[in-house]
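Subject: Structure for your files, with notes

Dear colleague,

Please find the structure we spoke about directly below. My notes on what was found in it follow after that.

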Amino acid sequence: MGVADVDRDRLRDVAVTLAQYAIALVTLAWAVSQTDPGEAASLLAGLGPATVLALLGVTVFGLLARFDTWRATLGPVESTDLRTAGRIDLIVNFVNQLLPSRLTGRLAAPFVLRSKLGISYADATAVSGVHTALYALLYGVVATIGLTFAVGRLSVGLAALLAFSIGLYLAAGVSVLAAGTNLERLDWVFGGVTRLLGYLPRVGDRLAAQAEDAVSFTADATDAFRSIAFDPGVWVRYAAGWTVAMVLAPGARVLLLFSGFGVAFEPVALVPLYLVMAYSVTLLPLTPGGFGVTEATTTAVFVALGVPSAAIVPVVFVDRFLGVYLPALAGWYPSLGIDRASLRTGDGE
């Protein structure tokens, strides 16, 4: 590739990035425009201390459950304490907010696992692959249930957008599980995203430079993938942690905020399902981490379901801040501690 080609690629990347941030700002501005900032601030200021403490408690509980999903998939390969699993999760979540799709960001997970645990790239790839597959499958199934209940109350365009993003989740989960039996077939995927790894702070350049040479999908990786994916205990433990982290905790936060704002919603049991359904757009590669698009889509969904826009906008922003953006910010610091030396060899032994 010549210098001119490289320059054109860089200009194209810059243009795409600027377009993504422009979309994020436009959609975010639309979501904010659906409420009176003064009224939203008044609603938030009126939350009682008990509600605030409950929100923080639910958030912490949800984070711990999310950390445990990594322990579930790591179990057959490496025994891991919750603290280390938490660091891994926070770093991966941090990367997810830098890149334009939730699953794209997870492609950095093998490097994080390799650095933090010292396991081989084959095992790290298998662990992260199963984790991603289970995440996508569960997300797709739960979001589908939510869409089934909500579809009659949504506009055709909004329902179609959600159905498309949910379908991508299901397709991604099935594809990764199917490819796990022959992981070498995913070489082209990792080769295509090494450029994206360069967005990581401080260590990004080295990750990108080492990716093609360091990652090797071998028979060992396939065996590891199968041993994890075919273990019923992994599925049960992962599903339990995922359900708490991605369904119950966000649902509880939203219901607490609804109660604090004096908003009634029936049936209560469907709120967590609707929330998973609305947040499914994070998979679409429109903006970094789905920022802006997710808030706008979720606002549109709940307004269609009868929640006043003045209330749902601050609810969505608080839930996204506590459940996504704050943990992502927390992941910045541990990402600086990624062991660069461990990335210089292609094998973890």
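Over the ring of which residue does the charged end of Arg320 sit? That ring belongs to Tyr279, and the charged end of Arg320 lies 5.4 Å from its centre, where a charge counts as sitting over a ring if NZ of Lys or CZ of Arg is within 6 Å of the ring centre and within 35 degrees of the ring normal. A further case is Arg114, whose charged end sits over the ring of Tyr121 at 5.6 Å from the centre.

Before going on, some notes on provenance. The model is predicted, so local features need pLDDT of at least 70 and side-chain atom pairs count only at pLDDT 80 or more, while totals for chains, interfaces and linings use all residues. Residues are numbered from 1 along each chain as its sequence is written, and side-chain values use heavy atoms, with hydrogens and water left out.

**Overall picture**

The protein chain contains 15 helices and zero strands, these being DSSP runs numbered from the N terminus (H or I over at least four residues for helices, E over at least two for strands). Of its 349 residues, 53% count as buried, a term that stands for under 20% relative accessible area, with exposed meaning over 50% and partly exposed lying in between (1.4 Å probe, protein chains only). The accessible surface of the chain comes to about 14800 Å², and 66% of this belongs to carbon and sulfur atoms; such areas come from the Shrake-Rupley method with a 1.4 Å probe, and for residues only the protein chains shown count as cover. Among contacts (heavy atoms within 4.5 Å) in the protein chain with a separation of 6 or more, 79% are between residues 24 or more positions apart.

Helix α7 (residues 121-150) has 30 residues and reaches 42 Å from its first C-alpha to its last, which is close to the 44 Å expected at 1.5 Å a residue, the expected span being 1.5 Å times one less than the number of residues. This helix is mostly covered, with 24 of its 30 residues buried. The largest nonpolar core has 75 residues, and those with the most contacts inside it are Leu113, Tyr139, Leu154, Phe258, Met277, Val301 and Phe302; α7 gives the most to this core, with 13 residues. Such a core is a set of buried Ala, Val, Leu, Ile, Met, Phe, Trp, Tyr and Cys residues joined through side-chain atoms within 4.5 Å.

**Aromatic pairs**

Rings of Phe, Tyr and Trp (its six-membered ring) pair if their centres lie within 6.5 Å, and planes under 30 degrees apart count as stacked, over 60 as edge-to-face and the rest as tilted. By this rule the count comes to 10 aromatic pairs. The rings of Tyr135 and Trp242 have centres 6.4 Å apart and planes at 85°, so that pair is edge-to-face. Tyr135 lies in α7 and Trp242 in helix α12 (residues 232-261), so the pair ties together parts that are 107 residues apart in sequence, and both residues are buried. Phe258 and Phe302 also form an edge-to-face pair, because their ring centres are 6.4 Å apart and their planes stand at 70°; with Phe258 in α12 and Phe302 in helix α14 (residues 293-304), this pair ties together parts that are 44 residues apart in sequence. Phe258 is buried at a relative accessible area of 2%, and Phe302 is buried at 0%. Ring pairs also link Tyr135, Tyr139, Tyr169 and Trp242 into a cluster.

**Some individual positions**

Val276, in helix α13 (residues 271-279), is buried with a relative accessible area of 2%. Leaving aside neighbours within four places in sequence, Val276 is in contact with Tyr139, Val142, Ala143, Met246 and Val247.

Asn93, found in helix α4 (residues 82-98), counts as buried at 6% relative accessibility.

Helix α6 (residues 109-117) is mostly covered, with eight of its nine residues buried, including Arg114. Just after α6, Gly118 takes a positive phi of about 75°.

With best regards
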